[in-house]
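Subject: Handover of a structure and findings

Dear colleague,

Please find the structure below, together with its sequence. I would be grateful if you could read the notes that follow alongside it.

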Amino acid sequence: MNDPVLSRLGLSRRANFLAVGTEAVKTALQKRKAHLLVLAQDISAKSEKEFRFLSGGKVPVVRLDADLETVGAAIGVRAGILAVTDEGMAKAILAAVQQP
């Protein structure tokens, strides 16, 4: 896997720093444990709007260029909505997303 963002997401999953799926992400947001929301490319606009609202603008939201299948292959679970629960890893993923 050459994509640094997907690599970091896979590492986050193995380190248990990732909430995967809608219910787990909602729980992480409610408990204020989410430091970054990651959305797959093919997540609906309605779902994106819902999670941006739930984050209250306090949690950065990143929409990847990868689809559900690609994200699923990287983390081992087919999901398009993820929350990174470790602050350091969230910063590393944001930095990787922002690099050209």
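With which residue does K91 form a salt bridge? The partner is E87, and the closest N and O atoms of the pair are 3.7 Å apart. A salt bridge here is a side-chain nitrogen of Lys or Arg within 4 Å of a carboxyl oxygen of Asp or Glu. Both K91 and E87 belong to helix α5, where they are four residues apart, about one turn of the helix. K91 is exposed, with a relative accessible area of 53%, whereas E87 is partly exposed at 44%.

Before the remaining findings, some notes on the basis of the values. This is a predicted model, in which local features need pLDDT of at least 70 and side-chain atom pairs count only at pLDDT 80 or more, while totals for chains, interfaces and linings use all residues. Residues are numbered from 1 along each chain as its sequence is written, and side-chain values use heavy atoms, with hydrogens and water left out.

Overall architecture

The protein has five helices and four strands, arranged along the sequence in the pattern α-β-α-β-α-β-α-β-α. Helices (H or I, at least four residues) and strands (E, at least two) are DSSP runs, numbered from the N terminus. The radius of gyration is 12 Å, which agrees with the value near 13 Å that a compact globule of 100 residues would have. That radius is taken over C-alpha atoms, and the globule rule is 2.2 Å times the number of residues to the power 0.38. Along the principal axes, the C-alpha atoms fill a box of roughly 30 × 25 × 25 Å.

Of the 100 residues, 41% count as buried. The protein exposes about 5800 Å², of which carbon and sulfur atoms supply 49%; accessible areas come from the Shrake-Rupley method with a 1.4 Å probe, and for residues only the protein chains shown count as cover. Among contacts between residues at least 6 apart in sequence, 75% join residues at least 24 apart, where contact means heavy atoms within 4.5 Å.

Core and helix α2

The largest nonpolar core has 35 residues, and L9, V25, L37, L64, V71, L82 and V84 touch the most other members. At least two residues of this core come from each of α1 (4-14), β1, α2, β2, β3 (61-63), α4 (68-75), β4 and α5 (87-98). Such a core is a set of buried Ala, Val, Leu, Ile, Met, Phe, Trp, Tyr and Cys residues joined through side-chain atoms within 4.5 Å. Not counting residues up to four places away in sequence, L37 touches residues including V25, L29, F51, L82 and A83.

In helix α2 (residues 22-30), the buried residues are V25, A28 and L29. They cover an arc of only 100° around the axis, which puts them on the same side of α2; the arc is that of the directions from the helix axis to the C-beta atoms. These buried residues pack against β1 (18-20), β2 (36-39), α3 (45-55) and β4 (81-84). The face of α2 turned away from its buried side carries the exposed residues E23 and Q30. After α2 comes R32, whose phi is positive, near 60°.

The salt bridges around E48

The whole structure contains five salt bridges, and E48, R52 and R63 are linked in a network of them. E48 is found in helix α3 and is buried, with a relative accessible area of 15%. Leaving aside neighbours within four places in sequence, E48 is in contact with L39, I43 and R63.

R52 bridges to E48 with the closest N and O atoms 3.0 Å apart. Both residues lie in helix α3, four residues apart, about one turn of the helix. R52 counts as partly exposed, at 39% relative accessibility.

R63 also forms a salt bridge with E48, the closest N and O atoms being 2.2 Å apart. R63 lies in strand β3 and E48 in helix α3, so the pair ties together parts that are 15 residues apart in sequence. R63 counts as partly exposed, at 31% relative accessibility.

With kind regards

Methods. Buried means under 20% relative accessible area, exposed over 50%, partly exposed in between (1.4 Å probe, protein chains only).
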